[in-house]
Amino acid sequence: MRFLPLVVIVLVAAGGLWFWSQRSAADAEGAWRTTPVERGDIRVVISATGTLSATSTVVVGSQVSGQITEVLVDFNDAVEEGQVLARIDPATYQAQIEQGSAQINSARASLSQAQATLRNAQLDYDRKAALSDQQLVARSDVDLARAALDQARAQATAAQAQIVQQTASTQTSRINMERTVIRSPVNGTILTRSIEPGQTVAASLQAPELFTIAEDLRKMRIELAVDEADIGQVQVGQTVTFTADAFNDRRFKGTVEQVRLAATTTNNVVTYPVVVAVDNADGTLLPGLTVNAEIEVSNRENVLKIANAALRYRPADAADIAAAARPEGGNAPRGGGLADDLVAAAASMQLTASQQAAFDTALAAMRERQQAQRPAAQGAGARGNAGGPPPGMMVMGGSRDPSVQAQIRQRMMDRFQQTFAGFAATLDANQRAQWNRTLAATVGATRVTVYRLVDGSREAVPVRLGASDGSSTEVSGGVSEGDLIVTGERAAAR
């Protein structure tokens with residue numbers, strides 16, 4: 001019993017120490033705002049507006065002028081190819097046909113007269129030519145007879161041409177009279193009707209528009225105006241979902257059919273037309289509706305993602321955090337994700353033993369070069385971050401200028417292609433194409449540093465960014481599901 005007070009004192013002291021350590025850890029963790037690394041889906045879409053229209057719309061006009069005597073169809077009527085839509089008064093063209101027929105008959109009479117004259121001139125020439133051989137008539141009389149024959153032959157030819165001319169003119173009048181009957185050129189639905197009985201149409205310079213026919217409303221299309229900043233992500237075949245104000249409770253689907261190159265500039269904003277094919281088998285959608293569409297450019301399922309706020313966090317003591325994580329006398333790893341990505345890509349290509357050996361040789365050379373460059377990079381970091389980029393920017397470069405980043409990526413691509421040239425030479429065509437795609441995606445990927453909270457302390461973790469939906473971003477390399485990533489500091493309690 002003598003030692004009981006001493007045991008109690010020791011237990012109380014141990015409990016207090018444990019409580020104090022737990023409270024200190026809790027206070028340390030409570031000093032930071034965090035977001036967990038989650039697993040889920042990221043859907044990247046491009047928003048745009050457009051107008052619904054029929055896939056094929058035909059404007060029916062008139063090739064002749066005249067007064068409309070009859071209109072046989074109305075708005076929304078279904079019509080068939082060849083069906084009569086309207087009629088124009090044909091009296092003018094009937095009179096032209098009768099006039100032409102009379103002129104043809106007159107030309108035929110002139111031809112008969114010219115042919116009779118030709119026969120007479122031929123006989124006269126034959127007689128005088130025979131007598132001239134016997135020297136019974138003068139040579140000049142033979143020449144005159146020959147000239148008369150040629151003249152008669154020419155008149156007969158002119159009379160034949162006159163018949164052809166009058167026949168063609170009459171045929172034109174007949175065609176124009178047939179055109180007074182306006183027929184539908186396609187099967188479809190009447191969208192607009194611009195004429196009424198008694199109205200006069202004039203087709204002197206261009207065909208007046210009488211009807212607009214939608215060829216098939218079961219297939220429609222949308223022409224979206226996509227901003228130039230987003231057009232590079234749009235490809236044929238991508239899924240499009242859209243809504244129309246007339247049907248707020250429904251979402252419709254379509255498919256990107258065409259990305260047109262004819263850019264439009266409005267108030268210094270450049271947009272490109274994107275044509276979306278829409279199935280309207282139930283006839284719900286109507287031509288002319290304004291739609292709000294979303295083009296799905298990426299849909300990443302079951303990936304690791306974090307809130308974008310974690311990517312914007314840049315601690316003032318980033319250099320101290322990196323130094324604390326660096327082993328004594330060593331260097332912090334820099335850009336190791338590049339090598340990991342290339343190793344994973346090579347593993348998926350089913351390389352032969354010789355190809356794997358070539359890859360291992362190139363990879364060792366790349367790592368050796370990175371190891372040689374680290375002291376210089378570390379020295380640059382030791383000189384401070386003044387005037388440089390804040391921590392957390394891309395690992396591959398220090399400038400925020402997109403053009404500078406593009407130049408850095410190109411230099412890295414050239415260096416990687418040179419390093420792995422021997423390995424690439426051992427690949428077949430399909431493997432080489434896969435390798436080039438992997439290399440481009442790996443070099444072009446954005447890598448940033450995020451800060452993971454471990455036991456109340458921040459730990460710098462380099463990650464590669466993937467798709468982003470504006471609130472969350474896909475991440476890979478260095479973090480696991482459930483990790484707490486720092487997004488900011490909490491204000492000190494007063």
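**Charged pairs, sheet, cores and aromatic pairs**

In this predicted model, Arg43 is partly exposed, with a relative accessible area of 34%. Its salt-bridge partner is Glu294, and the closest N and O atoms of the two residues are 3.6 Å apart. Glu294 is also partly exposed, at 26% relative accessible area. The pair links distant parts of the chain, as Arg43 lies in strand β2 and Glu294 in strand β16, 251 residues apart.

Side chains of opposite charge can pair when their charged atoms come close. The count for the structure comes to 16 salt bridges. One of the salt bridges is formed by the side chains of Glu70 and Arg87, with an N to O distance of 3.1 Å. This pair also connects distant parts of the chain: Glu70 belongs to strand β4 (residues 66-71) and Arg87 to strand β6 (residues 84-88), 17 residues apart. Glu70 is partly exposed at 32% relative accessibility, and Arg87 is partly exposed at 31%. A further salt bridge joins the side chains of Arg153 and Asp150 at 3.2 Å, N to O. These two residues are 3 residues apart in helix α3 (residues 139-179), so about one helical turn separates them. Relative accessibility is 37% for Arg153, which counts as partly exposed, and 42% for Asp150, which counts as partly exposed as well. Through shared partners, salt bridges join Arg43, Arg251, Glu294 and Glu296 into one network.

Strand β16 also holds Ser298, a partly exposed residue with a relative accessible area of 22%. Leaving aside residues up to four places away in sequence, Ser298 touches Ile42, Arg43, Val44 and Ala467. Ser298 and Gln233 are 65 residues apart in sequence, and their C-alpha atoms are 9.0 Å apart in space.

An open sheet of 4 strands, with antiparallel pairing, runs in the order β3-β10-β8-β5. Strands β3 (57-61) and β5 (78-79) stand at the edges with a single partner strand each, so one side of each has no neighbour in the sheet. Strands β8 (residues 188-193) and β10 (residues 209-214) pair in the antiparallel sense over 4 bridges. Arg193 stands opposite Phe211 in β10.

In soluble globular proteins, nonpolar side chains tend to be buried together. Here the largest nonpolar core has 27 residues, and those with the most contacts inside it are Ile222, Leu224, Val226, Val234, Phe242, Val274 and Ile295. At least two residues of this core come from each of β2 (38-54), β11 (219-227), β12 (239-244), β13 (247-259), β15 (269-279) and β16 (290-307). Beyond residues up to four places away in sequence, the contacts of Val226 include Ile46, Ala48, Val270 and Ile295. A second, separate core has 21 residues, among them Leu363, Phe423, Leu427 and Leu439.

The whole structure contains 9 aromatic pairs. The ring centres of Phe247 and Phe252 are 6.2 Å apart and the planes meet at 75 degrees, so this pair is edge-to-face. Phe252 is buried, with a relative accessible area of 8%. The rings of Tyr313 and Tyr451 are likewise edge-to-face, because their planes stand at 90 degrees, with centres 5.8 Å apart. Tyr313 lies in the loop between α4 (309-312) and α5 (318-325), and Tyr451 lies in strand β17 (residues 447-454), 138 residues apart. Tyr313 is buried at 7% relative accessibility, and Tyr451 is buried at 2%. One aromatic cluster is formed by Phe359, Phe416, Phe420, Phe423 and Trp435.

Key: Residues numbered from 1 in each chain as written. Predicted model: local features only at pLDDT ≥ 70, side-chain atom pairs only at ≥ 80, totals over all residues. Heavy atoms only, no water. Phe/Tyr/Trp six-rings, centres within 6.5 Å; stacked < 30°, edge-to-face > 60°. Buried < 20%, exposed > 50% of the residue type's maximum accessible area, 1.4 Å probe, protein only. Pairing = 2+ DSSP bridges. Core = buried A, V, L, I, M, F, W, Y, C linked by side-chain atoms within 4.5 Å. Contact = heavy atoms within 4.5 Å. Salt bridge = Lys/Arg side-chain N within 4 Å of Asp/Glu carboxyl O.
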